[in-house]
Amino acid sequence: MLDEKAKKALLLKIPHPLNICGVSHDGVINGFTLSWMTQASFKPPLIVIGVRQDSRSHALLKASQQFAVSFLEKGQQDLAKTFFQPQEKVGDKLGTVDYTLGEATGCPILTDALGYVECQVQGSLEKGDHSVFLAEVIAAGVYREGEPLWLADTKWQYGG
Ligand SMILES: Cc1cc2nc3c(=O)[nH]c(=O)nc-3n(C[C@H](O)[C@H](O)[C@H](O)COP(=O)(O)O)c2cc1C
């Protein structure tokens, strides 16, 4: 039988970055705070992200099969906070920040980020409360140097 306490304690020890994932479909754009992300292959360059099934972003990402990740810098917790809440509840999250639309995907990229990757989904698995998307990095850009923001740098938790 699964020891729930042990499972939670250990899964919370998995290190995560804290970034913003931008999505776009049919002229509708949105973004959400993304911590469940890791690299999965060098060649081709693949990453894996976990996306909440009941989110607006999930529907957009599933429809377009594309997304862009803006990499936050240490100290940019406020930007992460802006994208915590569902669009349904807080309205247009992108209305409060500067962004551009990625050339490869049309997905929103935060201007204040360290840089970005644009991704094309190659496969997905919808098994739990989050879906897993495996995606190829098809474009990338570095805006400036800086230390990445880690979930562990903040008081927030997402996992367990
Ligand atoms: C610290 C933190 C980390 C988060 N990480 C993720 C994540 O990795 N994947 C995800 O789908 N949602 C994550 N969320 C929740 C999303 O930000 C939230 O579901 C999203 O804002 C939904 O917005 P939408 O309905 O406008 O798409 C995280 C939330 C917090 C507070």
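Gly160 is located in the segment after strand 9 (130–142), where strands (E, at least two residues) and helices (H or I, at least four residues) are DSSP runs numbered from the N terminus. The model is a predicted one, in which local features need pLDDT of at least 70 and side-chain atom pairs count only at pLDDT 80 or more, whereas totals for chains, interfaces and linings use all residues. Residues are numbered from 1 along each chain as its sequence is written, and side-chain values use heavy atoms, with hydrogens and water left out. Gly160 has a relative accessible area of 26% and is therefore partly exposed, given that buried denotes under 20% relative accessible area, exposed over 50%, and partly exposed the range in between, with a 1.4 Å probe and protein chains only. Although Gly160 and Ala9 are 151 residues apart in sequence, their C-alpha atoms are 6.6 Å apart in space. When residues up to four places away in sequence are not counted, Gly160 touches Lys7, Lys8, Leu11 and Leu12, a contact being defined by heavy atoms within 4.5 Å.

The UniProt record, an unreviewed entry, carries the annotation "domain: Flavin reductase like" for residues 11–158; its positions are given in the numbering used here, feature names are shortened, and annotations may be inferred rather than shown by experiment. The end C-alpha atoms of residues 11–158 lie 10 Å apart, and the span is 14% helix and 43% strand.

Seven strands form an open sheet with antiparallel pairing and the order 2-1-5-8-9-4-3, two strands being taken to pair if DSSP finds at least two bridges between them. Strand 2 (28–34) and strand 3 (37–41) are the edge strands, each of which pairs on one side only. From one strand to the next the twist averages 35°, with axes taken as lines fitted to C-alpha atoms (for helices over the stretch in contact) and angles running from 0 to 180 degrees between N-to-C directions. Strand 1 (residues 19–25) is largely enclosed by the rest of the structure, because six of its seven residues are buried. Strand 1 pairs with strand 2 in the antiparallel sense over seven bridges, and His25 has Val28 of strand 2 as its bridge partner. These two strands form a hairpin with two residues between them, and Asp26 in the turn has a positive phi of about 50°. Strand 1 is also joined to strand 5 (residues 66–71) by four bridges, again in an antiparallel arrangement, with Asn19 standing opposite Phe71 of strand 5.

Elsewhere in the sheet, strand 8 and strand 9 run antiparallel and are joined by 11 bridges, and Tyr116 stands opposite Gly141 in strand 9. In the loop between strand 3 and strand 4 (46–52) lies Lys43, which is exposed, with a relative accessible area of 79%. Lys43 and Glu136 are separated by 93 residues in sequence, while the distance between their C-alpha atoms is 9.4 Å.

A search of the whole structure returned three aromatic pairs, for which rings of Phe, Tyr and Trp (its six-membered ring) pair if their centres lie within 6.5 Å, with planes under 30 degrees apart counting as stacked, over 60 as edge-to-face and the rest as tilted. One of these is edge-to-face, since the rings of Phe84 and Trp156 have centres 4.6 Å apart and planes at 75°. This pair links distant parts of the chain, 72 residues apart, with Phe84 in the loop between helix 3 (77–82) and helix 4 (87–90) and Trp156 in the segment after strand 9. Phe84 is partly exposed, at 37% relative accessibility. Tyr116 and Tyr143 form a tilted aromatic pair, at 5.6 Å centre to centre and 45° between the planes. This pair likewise links distant parts of the chain, 27 residues apart, with Tyr116 in strand 8 (residues 115–126) and Tyr143 in the segment after strand 9. Tyr116 counts as buried at 17% relative accessibility, whereas Tyr143 counts as partly exposed at 38%.

With a disulfide taken as a pair of cysteine sulfur atoms within 2.5 Å, the count comes to zero disulfides. Cys107 is in no disulfide, the nearest cysteine sulfur being that of Cys21, 7.5 Å away, and Cys107 is buried at 0% relative accessibility. The sulfur of Cys119 is too far for a bond, because the closest cysteine sulfur, in Cys21, is 7.9 Å from it; Cys119 is likewise buried, at 0% relative accessibility.
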